[in-house]
Amino acid sequence: MKNFFRNVGADFPASIVVFLVALPLCLGIALGSGAPLFSGIIAGIVGGIVIGSLSGSQLSVSGPAAGLTVIVAAAILNLKVFDAFLLAVVLAGAFQILFGFLRAGILGDYVPNTVIKGMMAAIGLILILKQIPHLVGYDADFIGDEKFLQLDKQNTFSELANMFNYIAPPAVVIGVVSLLILMLWETKAFKKQKFLLLIPGPLVVVVAGVLLNQAFQLYSTDFNLEQKHLVSLMVAEDLPQFISFFTLPGFQHITNPDVWISAGTIAIIASLETLLSIEAVDKLDPLRRRTPTNRELKAQGVGNFVSGMIGGLPLTSVVVRSSANVVSGARTKLSTILHGVFMLVAVMFIPRILNLIPLSALAAILIFTGYKLAKVSLFKDYYKKGWDQFVPFVVTIIAILLTDLLVGIIIGLGVGLFFMIRSNFRSSVFVVNDHNRYLVRLRKDVSFLNKPIIKRKLDAVPEGSSVVVDATRADFIDKDIIEEINNFIINAKAKDIHVEVKKTPHNPMHQLFTSADGNKD
């Protein structure tokens with residue numbers, strides 16, 4: 001227990017930041033999913049306390065995910081009643097627990113670093129682009145939306161143009177002041193003040209935003225924010241009313257095949273998003289700790305089971321909240337657990353205070369988090385690594401920006417796979433010549449994909465030349481390649497070409513090469 005609280009000095013302020021970021025995201029994602037708003041809060045609480053306690057990750061934060069909004073909205077619409085959807089969430093949790101026991105977590109290890117880094121940079125850019133309208137008071141789109149095509153019929157870029165018709169000056173003032181505070185908090189002068197290190201910049205931003213708006217209301221009837229520009233949380237008058245916000249799943253729908261289809265879909269997509277997020281968060285961890293992925297799937301499964309049982313949305317590990325956790329200096333899972341506790345306490349005892357928080361102040365926090373994820377230096381580093389690293393990185397970013405997280409990742413994986421095959425294709429066959437002497441060296445695995453280059457290079461060998469085919473460094477040689485080289489050897493005498501094949505005696509595949517006299521060795 002002592003070790004658990006050893007990093008409380010870092011985890012406590014980080015948990016406050018994550019709580020402030022998570023609260024509007026939970027509400028926004030519930031709104032975008034067509035679910036009761038409080039179901040998003042329930043999911044946030046469960047993600048923090050339940051999954052945070054069971055997960056092997058020290059920095060990942062779980063909660064309702066923007067990537068599931070379309071799936072959740074379609075499931076609620078298809079199942080018609082919310083308690084049937086909650087049953088699907090419970091079953092999805094059971095499926096995820098099964099995935100964990102089947103060791104499906106290994107799938108996350110097959111995602112290249114270029115794609116993971118591209119995903120992080122894309123999330124950063126999305127945060128910046130999506131939150132700028134909220135920063136100036138245009139809140140038509142819900143605050144947690146990450147998709148290119150929005151529910152308000154706009155897209156990421158058209159929203160930026162459209163926001164100029166709906167600017168709210170008080171929101172602009174609060175948003176700009178909030179950004180200035182965050183920038184000031186990052187300066188060396190402020191970091192030298194030890195007492196300021198204990199106070200999270202985002203908390204100062206929220207307090208400043210509330211005080212500014214209260215001052216606007218006090219001194220002007222026109223220059224202040226309307227309620228639609230503030231956090232909007234349900235307020236319970238007493239404990240029984242608060243308990244009534246929780247909903248049980250409808251087990252009478254267990255025989256409905258649509259419930260099982262929705263459960264399977266949620267389980268698969270939520271598991272994939274979790275594995276991708278975990279890989280990304282591990283890359284951000286300054287201590288370079290590795291998360292046991294199968295344990296994570298089990299923890300997510302338990303979290304979704306509990307969330308569905310009490311009326312919450314499905315959960316995944318989410319990049320935005322996890323990134324805010326890392327950026328805020330968290331060291332252990334205590335930060336994640338505390339953010340869930342804060343959310344529970346806040347909605348029980350101080351919802352009216354939370355409803356004073358301007359969305360523009362929260363947008364500033366998210367924009368600043370996005371900037372830290374998509375720094376220019378990251379793009380420069382990948383450019384220096386070469387095109388085989390830079391292109392998949394950039395394509396992943398563009399694909400995620402123009403579609404959504406999962407589709408963008410799939411496109412990024414496809415491009416990364418192309419460059420991997422291309423690299424292997426080029427390095428497997430090495431041809432060099434000096435006048436009429438040629439060396440054809442086969443390396444690593446030589447597949448049928450290398451046949452065109454082998455054929456082209458051998459056809460270009462002039463009469464009277466000397467060719468050495470070195471196969472000693474090849475672990476595997478496709479029979480099509482062997483046949484192509486054998487045909488060259490057989491026809492070499494007619495062109496007065498001397499051919500020597502170097503091979504490993506103990507490799508049976510090498511014995512398939514034809515000798516210079518035209519016979520198999």
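The model I looked at is predicted.

**Entry: second largest pocket**

I started with this pocket. Its lining has 14 residues, and Lys 117, Leu 284, Lys 372, Leu 373 and Lys 375 lie nearest its centre. I noted a volume of about 370 Å³. Helix 18 gives the most, with three residues. I sorted the lining by class and found seven nonpolar, seven charged and no polar residues.

**Entry: largest pocket**

Next I looked up the largest pocket, at about 590 Å³. I found 26 residues in its lining. Nearest its centre are Glu 186, Pro 200, Gly 201, Val 327 and Ser 328. Several helices give two or more residues here, among them helix 7 (169–185), helix 10 (201–219) and helix 17 (359–373). Which helix gives the most to this lining? I found that helix 1 does, with five residues. By class I recorded 17 nonpolar, five polar and four charged residues.

**Entry: cavities**

I searched the whole structure for cavities of 30 Å³ or more and got five. Helix 14 gives the most, with three. I counted nine nonpolar, four polar and three charged residues by class.

The second largest cavity holds about 70 Å³. I listed its lining residues, including Leu 25, Ile 126, Lys 130, Asp 145, Glu 146 and Leu 366. Helix 5 gives the most to this lining, with four residues. The classes are six nonpolar, two polar and three charged.

**Entry: Val 391**

Last, I picked one residue. Val 391 sits in helix 19 (residues 387–402). Is Val 391 buried, partly exposed or exposed? I put it down as partly exposed, because its relative accessibility is 22% and buried means under 20% while exposed means over 50%. Leaving out residues up to four places away in sequence, Val 391 touches Val 415 and Phe 419. I also checked Gly 412: Val 391 and Gly 412 are 21 residues apart in sequence and 9.2 Å apart in space, C-alpha to C-alpha.

Technical notes. Residues are numbered from 1 along each chain as its sequence is written. This is a predicted model: local features need pLDDT of at least 70, side-chain atom pairs count only at pLDDT 80 or more; totals for chains, interfaces and linings use all residues. Side-chain values use heavy atoms; hydrogens and water are left out. On a 1 Å grid over the protein atoms alone, a cavity is a set of points where a 1.4 Å probe fits but cannot get out, and a pocket is an open set with protein on both sides within 12 Å along at least five of seven lines; lining residues have an atom within 4 Å of a point. Grid points are joined across faces, edges and corners, and a volume is the space filled by probe spheres set on the points. Ala, Val, Leu, Ile, Met, Phe, Trp, Tyr, Cys and Pro count as nonpolar, Asp, Glu, Lys and Arg as charged, and the others, Gly among them, as polar. Buried means under 20% relative accessible area, exposed over 50%, partly exposed in between (1.4 Å probe, protein chains only). Contact means heavy atoms within 4.5 Å.
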